[in-house]
Amino acid sequence: MRDAPALLIVDDEARILSALRRALRREGYEIVTAETVADALRILDERSVDAILSDHKMPGMSGVRFLEEASRRRPDAARMIITGWTEEIPRAQLEEAGVCALVTKPWDDARLKATLRRALGVTRPGAG
Amino acid sequence: MRRTGGVLPEGGHDLDPDGIGEMDLGKIAVLVVNGAGRVVRCNAAAAEIFGRTREALLGRSAADWFPDETGQSVVARTLADGVRFEDAASSVSGPSGVRIPVAVSSAPITGPDGLPRGVLASFQDLSGIRQLQQQVLQTEKMAAIGQLAAGVAHEINNPMGFIHANLFQMAEYVSDLRRVSEEVDAMRKAAEAGNAREIAEAAGRLGAVSDELDVDFLLSDLTKAIRESQEGSERIRHIVRDLRDFSRQDTAEHVLADLNQCLDSTANIVWPMMKHLVVLEREYQDLPGVRCYPMQLQQVFMNLLVNAFQAIEEKREVEPESGRIVLRTIHRGDRVVVSVTDSGVGIAPADVDRIFAPFFTTKPVGAGTGLGLSTAYNIVQRHGGSLDVESELGRGATFRLTLPVDGVADA
């Protein structure tokens, strides 16, 4: 049996991480979480993941900038943003960071799951 | 009420009120008071402000009218010491006892011997102007809230996000638990029927369902989801309460307030919009209670904080590093000093002199009204304090607000 696809979720709000973990419990992913960009980058230095779902407004570095950094470490991981303020992020920045999906907060569970399945379907599972 | 029949009672014989005419100066109210402190002449505007007829004002004692900031009558002081007043803030008791704010000017009328024989006073009803000032204050405050809206919405949206998701999940947990409960029911029925084989089967199914659904985890996570959601809704409640408190207008009465607390509660509202860019430091000294209108001072703090943040935001466009805002309070004798220091773009020397002028703004259209600092300046002045700024272009700015502890004078 293939390893479960690994998903890294980054949000400075621990309660959001907890709720996302809960929502995705039955999706069969290996879920790794980080509350800071620094922690997330450290995780990416140590291991590969299949997808990254990141908040945008975070102290220190924005989610889009983080995903750009992340793409240097793990170019194969699908990159997604989850934020309440999708319109605040310029299109060009999203393209530069290779963001393949934008999820708005509050999110719809079914759509979030579908988005993740799609994103994980387009990458090589267990790549890296 | 004692009236002294004639128009010229004792002490007023040097003053000839005739020949002054109607003294009709439009909205400007005029009174002539004799040496005994009684009204000997008045115009229609004066009568109107007092809500009486001219005849009813004549002969009345004006010796306690127009209290100045120390509570002493402007008329009495002019009469006693010859002190002149120009547009002094005061009030009169209008119809049905309402205090009407007025600006009063007074000058002594001297006799041939150079001694004061009476007082000439003019005054104007400031109710309309005060109302306008109040409106400007409220408008500026609402504009400040408008600038915060995105940050506040973000701060509400985050807990909304996880509460929303948790509710979905909790609904799923409940339907899982219903499956378990159905198996419990089936087992009870089997137990009632007393068929050992059926009981064993039902117990097997209950065990299987419980394992499949991981009931232990489910129960503990359900409890956790409820607790986290409660915390989230509590956070939203606080944000909404802070906002409502801030948008409230002050009561007419000044109160003794703890400025450290005022500063904190304002910072709490502004914090969400800046926390991703700013480190906030507080250096508070213990402060005595300050006599003030706390909501108005909070509006000043809000303006200074929003400005500080915008200065940092602007600087970030050139130097992407996080900014720093330091809030300081100092107790110095009968004064308190509140300062807000930022590490933002700073203020050009040419702008420093204009920064408190109404409608002066360097912000793009829509980002500010140009009234923030001038409103702040007015509020601080009304509290008998001062507001000044020190800045080095490119390095940041410090706004310093100095207030007397027994501050605000009665309006």
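1. A residue counts as buried if 20 or more other C-beta atoms lie within 10 Å of its own, as exposed if 12 or fewer do, and as partly exposed in between, with C-beta atoms placed from the backbone. Strands (E, at least two residues) and helices (H or I, at least four) are DSSP runs, numbered from the N terminus. By that rule, 5 of the 5 residues of strand β1 (residues 6-10) of chain A are buried, so the strand is largely enclosed by the rest of the structure.

2. Some ground rules. This is a predicted model, in which local features need pLDDT of at least 70 and side-chain atom pairs count only at pLDDT 80 or more, while totals for chains, interfaces and linings use all residues. Residues are numbered from 1 along each chain as its sequence is written, and chains are lettered from A and ligands numbered from 1 in the order in which they are written.

3. Chain A first. It has 5 helices and 5 strands. From the N terminus on, its elements run β-α-β-α-β-α-β-α-β-α. Of its 128 residues, 40% are buried. Two residues are in contact if their C-beta atoms, placed from the backbone, lie within 7 Å. Among the contacts in chain A with a separation of 6 or more, 65% are between residues 24 or more positions apart.

4. Back to β1(A). In a regular strand the side chains alternate between the two faces of the sheet. Here A:Ala6, A:Leu8 and A:Val10 point one way, A:Leu7 and A:Ile9 point the other way, and all are buried. Two strands pair if DSSP finds at least two bridges between them. β1(A) is joined by 5 bridges to strand β2 (residues 30-34) of chain A, and the two run parallel. A:Glu30 in β2(A) stands opposite A:Ala6.

5. A:Ala40 is worth a look. It sits in helix α2 (residues 37-46) of chain A. A:Ala40 is buried, with 28 other C-beta atoms within 10 Å. Leaving aside neighbours within four places in sequence, A:Ala40 is in contact with A:Leu8, A:Val10, A:Ala34 and A:Phe66. A:Val10 is 30 residues away from A:Ala40 in sequence, yet the two are 6.7 Å apart in space, C-alpha to C-alpha.

6. Next, the contact between the chains. It takes 16 residues from chain A and 17 residues from chain B. On the chain A side, the largest share, 6 residues, comes from helix α1 (residues 14-23) of chain A. By class, the side of chain A that touches chain B has 8 nonpolar, 2 polar and 6 charged residues. In this scheme Ala, Val, Leu, Ile, Met, Phe, Trp, Tyr, Cys and Pro count as nonpolar, Asp, Glu, Lys and Arg as charged, and the others, Gly among them, as polar.

7. Chain B has 10 helices and 12 strands. Of its 411 residues, 34% count as buried. Residues 24 or more positions apart account for 61% of the chain B contacts with a separation of 6 or more.

8. Now the cores. A nonpolar core is a set of buried Ala, Val, Leu, Ile, Met, Phe, Trp, Tyr and Cys residues joined through C-beta atoms within 7 Å. The largest has 44 residues, and those with the most contacts inside it are B:Val270, B:Leu305 and B:Phe309. α8(B) gives the most to this core, with 11 residues. Domain 2 (127-249) and domain 3 (250-404) of chain B both give residues to this core, so it lies between them. The domain bounds come from an automatic or database domain assignment. Leaving aside neighbours within four places in sequence, B:Leu305 is in contact with B:Thr266, B:Ala267, B:Val270 and B:Val340. A second, separate core of 37 residues includes A:Leu20, A:Ile52, A:Ile81 and A:Ile82.

9. The expected span of a helix is 1.5 Å times one less than its number of residues. The 23 residues of α8(B) should span 33 Å, and the end C-alpha atoms are 33 Å apart, which agrees. α8(B) is mostly covered, with 19 of its 23 residues buried. Helix α6 (residues 215-247) of chain B has 33 residues and reaches 48 Å from its first C-alpha to its last, close to the 48 Å expected. In α6(B), the buried residues include B:Ala225, B:Gly232 and B:Phe246.

10. Last, strand pairing in chain B. β9(B) and β10(B) run antiparallel, joined by 8 bridges. B:Ile330 has B:Val337 in β10(B) as its bridge partner. The two strands form a hairpin with 2 residues between them, and B:Gly333 in the turn has a positive phi of about 60°. β10(B) is also joined to β12(B) by 8 bridges, and these run antiparallel. There, B:Thr341 has B:Thr398 in β12(B) as its bridge partner.
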